[in-house]
Amino acid sequence: MKIAAQIREPIEKEMELFEEKFRQSMSSKVSLFNRITFYIVNRKGKQMRPMFVFLTAKMLNDGKVNDRTYTGASIIELIHTASLVHDDVVDESDKRRGFFSINALWKNKIAVLVGDFLFSKGLLVALEQKDYDLLHIISNAVKQMSEGELLQIEKARLLDITEEVYYDIIRQKTATLIAACCSMGACAVKPGSKEVETFRRFGELCGMAFQIKDDLFDYGEERIGKPTGIDIKEQKMTLPLIYALNNSDSNRKRWLINSIKNHNKNKKRVKEVIAYVKEMGGLDYAVSKMLQFKDEALELLNDYPNTPYKESLVLMVNYVVDRKK
């Protein structure tokens with residue numbers, strides 16, 4: 001059995017019902033919206049984020065979920081989908097998971113409006129059910145995601161990023177949404193409990209490991225549908241590069257910064273940067289940090305009894321760092 005199917009097995013019934021509810025939550029009176037959302041739904045990914053919601057809820061609630069769990073999963077998936085649509089506009093990306101992006105097919109203006117529509121739908125789902133605690137979790141996540149993106153853009157211009165600032169960026173940009181999934185799952189079944197914060201932290205640690213793994217793909221570890229060196233071309237300072245910079249002498253440091261600032265479109269130079277980062281142990285360092293975040297996340301599960309839901313969460317955390325794409 002594939003790892004994704006194994007993770008999903010204890011929540012298969014809930015995921016099927018969720019997918020139906022999610023499709024309904026995306027409906028609109030405007031036929032153009034429905035055409036576009038139909039395109040989105042039929043090209044969905046593994047739906048890792050709603051799976052985090054259901055697994056957390058079932059683990060903390062003797063294998064049972066409630067209506068709030070479905071609300072939480074729908075909010076997360078709507079906001080996540082909206083952020084992907086907006087990201088493709090910001091990054092001027094024509095492809096998403098091997099298919100044409102919304103902005104490539106329907107242009108930027110429509111893509112931005114579709115993203116706005118999905119964001120507002122996510123907030124309305126919470127308001128309609130009067131689940132203000134869930135609304136608070138997702139609103140905070142959206143705020144942090146926006147700040148993380150802006151911080152990354154600001155630092156890319158100056159190239160003055162430290163390891164601590166890098167962690168701040170990925171915590172806000174990526175980890176905060178996975179943190180919201182897990183705290184949402186806990187809050188849906190145990191509102192006001194200490195588990196809401198415990199699982200927010202658990203999700204955050206998973207998200208940190210997830211983003212570092214993504215950064216490693218830029219150095220050609222596996223084929224993931226994007227060319228290697230894309231982060232360097234976009235002047236994104238990732239952990240392997242930061243480590244190489246911090247451990248270089250002044251001449252090499254100048255060469256690296258000059259390469260990223262002025263030669264980031266030169267394929268030969270980008271290959272040289274990748275080779276240098278590997279040679280300096282940047283990848284090994286990033287892997288060690290990724291595994292540290294993974295181990296901290298797994299440690300938080302130690303106090304909970306072994307159930308199929310906990311086993312799937314453990315599998316999910318390991319999958320985050322072992323995945324090939």
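A: Happy to. A helix here is a DSSP run of H or I with at least four residues, and helices are numbered from the N terminus. Please keep in mind that this is a predicted model. Counted that way, the secondary structure of the chain consists of 15 helices and two strands.

Now to the charged pairs. Side chains of opposite charge can pair when their charged atoms come close. For a pair to count, a side-chain nitrogen of Lys or Arg has to be within 4 Å of a carboxyl oxygen of Asp or Glu, and by this rule there are 16 salt bridges.

Let's begin in helix 7, which covers residues 132–158. Both glutamate 147 and lysine 143 belong to this helix, and their spacing of four residues is about one turn. Their side chains meet in a salt bridge, with 3.7 Å from N to O. Lysine 143 has a relative accessible area of 45%, so it is partly exposed. Glutamate 147, at 36%, also counts as partly exposed, because that value lies between the 20% and 50% limits.

One member, glutamate 204, sits in helix 9. With a relative accessibility of 9%, glutamate 204 counts as buried. Beyond its neighbours within four places in sequence, glutamate 204 touches Arg171, Ala175 and Ala179.

Aspartate 214 and arginine 323 form a salt bridge in which the closest N and O atoms are 3.1 Å apart. Aspartate 214 belongs to helix 9 (residues 195–217) and arginine 323 to the segment after helix 15 (308–322), so this pair ties together parts that are 109 residues apart in sequence. Aspartate 214 is partly exposed, at 26% relative accessibility, while arginine 323 is buried, at 6%.

That brings us to the nonpolar surroundings. In soluble globular proteins, nonpolar side chains tend to be buried together. In this model the largest nonpolar core has 103 residues, and Phe52, Leu118, Ile138, Phe199, Phe202 and Ile212 are the ones with the most contacts inside it. Helix 8 (residues 163–189) gives the most to this core, with 15 residues. Isoleucine 212 shows what such packing involves: setting aside residues up to four places away in sequence, isoleucine 212 touches Tyr166, Tyr167, Ile170, Leu239, Ala286, Lys289, Met290 and Phe293.

Some nonpolar side chains are found on the surface too. Leu124, Leu127 and Tyr132 form a patch there, with about 290 Å² of accessible area together. Tyrosine 132 leads us back to helix 7, and its relative accessibility of 48% makes it partly exposed.

Finally, what about covalent links? A search of the whole structure finds zero disulfides. Cysteine 181 is in none, and the nearest cysteine sulfur, that of cysteine 182, is 6.0 Å away. The sulfur of cysteine 182 has its closest cysteine sulfur in cysteine 206, and at 6.0 Å that is too far for a bond. Cysteine 181 is buried at 0% relative accessible area, and cysteine 182 is also buried at 0%.

To set all this against the whole chain: buried residues make up 54% of its 325 residues. Among contacts with a separation of 6 or more, 73% are between residues 24 or more positions apart. The accessible surface comes to about 15800 Å², and carbon and sulfur atoms hold 51% of it.

How values were computed:
Residues are numbered from 1 along each chain as its sequence is written. This is a predicted model: local features need pLDDT of at least 70, side-chain atom pairs count only at pLDDT 80 or more; totals for chains, interfaces and linings use all residues. Side-chain values use heavy atoms; hydrogens and water are left out. A nonpolar core is a set of buried Ala, Val, Leu, Ile, Met, Phe, Trp, Tyr and Cys residues joined through side-chain atoms within 4.5 Å. Buried means under 20% relative accessible area, exposed over 50%, partly exposed in between (1.4 Å probe, protein chains only). Contact means heavy atoms within 4.5 Å. Patches are made of residues with over 30% relative accessible area and no salt bridge: like charges are joined within 9 Å, nonpolar side chains (Val, Leu, Ile, Met, Phe, Trp, Tyr) within 5 Å. Accessible areas come from the Shrake-Rupley method with a 1.4 Å probe; for residues, only the protein chains shown count as cover. A disulfide is a pair of cysteine sulfur atoms within 2.5 Å.
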